Amino acid sequence: MTQPPTTTKRPAADPDTAGAHADFDGDGKEDLVITDTSATVNGKYAAGYAAVVHGSTAGPDTQRHQVITQDSLDLGKAGTGGRFGSGAISADLDGDGHSDLITQAGSNTVFVVWGGKKKLSGAARLTGARPVAGDFDGDGHADLVTSRSTDSKAMVRFGPFTRTGKPARTKTLDLTPDKPSYYTPRPTGVGDVNGDGTDDLVVTWSHVFADEMPTPRATVVYRGAANGVLKKGPRLKDARGKDMYGSTTLTSDVNKDGFADVIVSLTCEIIGDVATPEGGSRLMVAYGGKSGQSTSLKPTTINEKTPGLPGKPVSSQCDFGYAPTTGDVNGDGYADVAFSAPAKGNKMVTVVLRGGPTGLTGKNAKSLSGLPMRPILAIQDLNGDGAAELAVGTWYASGADDTVRVLRGGPSGISTSRPTLIGPADLGLKPAPGNSSSEFGH
C-alpha cells in the first residue's frame, strides 16, 4: 500500500476546497496530501502519486506519512500519463469517521482510498472524472459527483458507500447549459450557498474556442434538496450585473452569515492564445443568500485598486488571484483567502485577505515575504488549534526550492518565521532531475 515511486519529481501545492478538512486518521487534526501528477512511478512517466502527511499538535508530522500510487491499490497498473493524484479531494464516504482520499487518474477513472486510524488502506475504483463531494440531500452522509467527458451529464452517488465503492443510490444530473454557446459544463465547487442545510453544486459553463480549450463564461448554482434532485438555480453575477466566472472556484463563508460564498479567480484566459481578461485579472466574490446569491451584499471584486491591499500587486497582466485558497488563518470564525499576484519588477507577491462582517476587503490584509517566486497555496488547520496553517508549494522549482513550506496560523494571522519544510526526502522519495508541473493537494 505504501510502496513509494521508484523516481519522482517535486511536490507543489494544488489548491482545492472540497478536501480542505481532510482527517484520514480521525484524530481531530487535519492531514496534508502532497501530490505530484508528473512523477515517474515504476518506469511510467507522469503516473503520479499522493503522499499523506498527518497533522499533530506540533503541525505536520513527517514521521507519519504514507505514499500512495495507483500501483499500490491493486486495482490495475498505472500507465504513462495516468496522473494519479489529479484533483485530489477528501470526504468521509463510508461514514466511519475517517476522511477518505478521492482522486482522478486517467480521463475517466476515480479512485477512493479509505481512511483509517492507523493508515489509509483498501480502495475502490469508480467511473467518472473531476470528482467533487458534499452532502447534497442533507442526510448527514457525504455524496460524490463525477462528470462525464462525453456529454453534459454528471453522476451523483449518494452515501454512505460500501468499501467496494457502491453508493446507497445514484441519480444522473443533466448540466446542459441553456445557451448553445456555453456547451461545456463542469462541477467546480460545493457549499451551502442558500443556507438550507443541504450542499449546493457550483458549475462552470465554458465556451470552446479555436484551440479546443474550454474558456469559462458563466457560473451556475445547482441547489441541493432532500430528495437528492438538484435543481438549477441562479447564474452568479458580478457588481455590474454581468456573468461572474473564473478558472478556479472556491466556496467558504467569508462574512460568517451562515451562507457559503462563491469565490472565483479570473487570471489568464485562453481564447486561441493566452490573453489577459478584459479589465485585468482579479478575484471576485458572490455572497450567498436564500436565493443562491445575496440581495443585500453586492459582489466584491479584488484587484490592484482595492484599498489597503499590501505588496503593491498589479493586475494589468495575467496571474492576479493565482492559486487562491481559503480557510480561517486566525481562528476568528471568518474564512480568509490567500492568493498570489504579480508585482512590479517581475516579482510575485502572496496576499492573505481577512474575512469579516462586510466580506472580503483589503482591510488588515497581509503580504508575505520570503516565499518562492510563484507559490501555490493551501490552507489547513494541521495542529488543531483553530487557526489554519498556510502550506506553500512551488511551481517549476528545482534544487533547494523543491520544498513545501508550512507557515503557522495564529491570532495575528500567518507567520513566516520558523516554517516547517517538507521535501521529497522527508517523504522517502528520490527527486528526479528536470522541471515539472507538480501539484500539492489537501
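So, overall size. For 442 residues, a compact globule would have a radius of gyration near 22 Å, and this protein chain comes out at 20 Å, which agrees. Keep in mind that this is a predicted model. If you draw a box along the principal axes, the C-alpha atoms fill roughly 55 × 50 × 45 Å.

What is the chain built from? Strands: there are 29 of them, and zero helices. Of the 442 residues, 60% count as buried.

Now contacts. Take the ones with a separation of 6 or more: residues 24 or more positions apart account for 52% of them.

Okay, let's go to the aromatic rings. A pair of aromatic rings is described by two things, the distance of the centres and the angle of the planes. How many aromatic pairs does the count come to? Two.

Here's one: phenylalanine 84 with phenylalanine 111. Their ring centres are 6.0 Å apart and the planes sit at 50°. Planes under 30 degrees apart would be stacked and over 60 would be edge-to-face, so this pair is tilted. And look where the two partners come from. Phenylalanine 84 is in the loop between strand E3 (61-68) and strand E4 (86-91), while phenylalanine 111 is in strand E6, residues 109-113. That's 27 residues apart, so the pair links distant parts of the chain. Are these two buried or exposed? Phenylalanine 84 is buried, with a relative accessible area of 0%, and phenylalanine 111 is buried with 0% too. The cut-off for buried is under 20%.

The other pair is phenylalanine 320 and phenylalanine 339. Here we have 5.2 Å centre to centre and 50° between the planes, and the pair is tilted. Phenylalanine 320 sits in the loop between strand E21 (300-302) and strand E22 (322-327). Its partner, phenylalanine 339, is in strand E23, residues 336-343, and the two are 19 residues apart. Again, distant parts of the chain get linked, and both residues are buried.

Which residue lies over the face of phenylalanine 158? That's arginine 169, at 4.2 Å from the ring centre. There's also lysine 256, which lies over the face of tyrosine 334, at 4.4 Å from the ring centre. Find those two spots on the structure when you get a chance.

Methods. Residues are numbered from 1 along each chain as its sequence is written. This is a predicted model: local features need pLDDT of at least 70, side-chain atom pairs count only at pLDDT 80 or more; totals for chains, interfaces and linings use all residues. Side-chain values use heavy atoms; hydrogens and water are left out. Rings of Phe, Tyr and Trp (its six-membered ring) pair if their centres lie within 6.5 Å; planes under 30 degrees apart count as stacked, over 60 as edge-to-face and the rest as tilted. Helices (H or I, at least four residues) and strands (E, at least two) are DSSP runs, numbered from the N terminus. Buried means under 20% relative accessible area, exposed over 50%, partly exposed in between (1.4 Å probe, protein chains only). A charge sits over a ring if NZ of Lys or CZ of Arg is within 6 Å of the ring centre and within 35 degrees of the ring normal. The radius of gyration is taken over C-alpha atoms; the globule rule is 2.2 Å times the number of residues to the power 0.38. Contact means heavy atoms within 4.5 Å.
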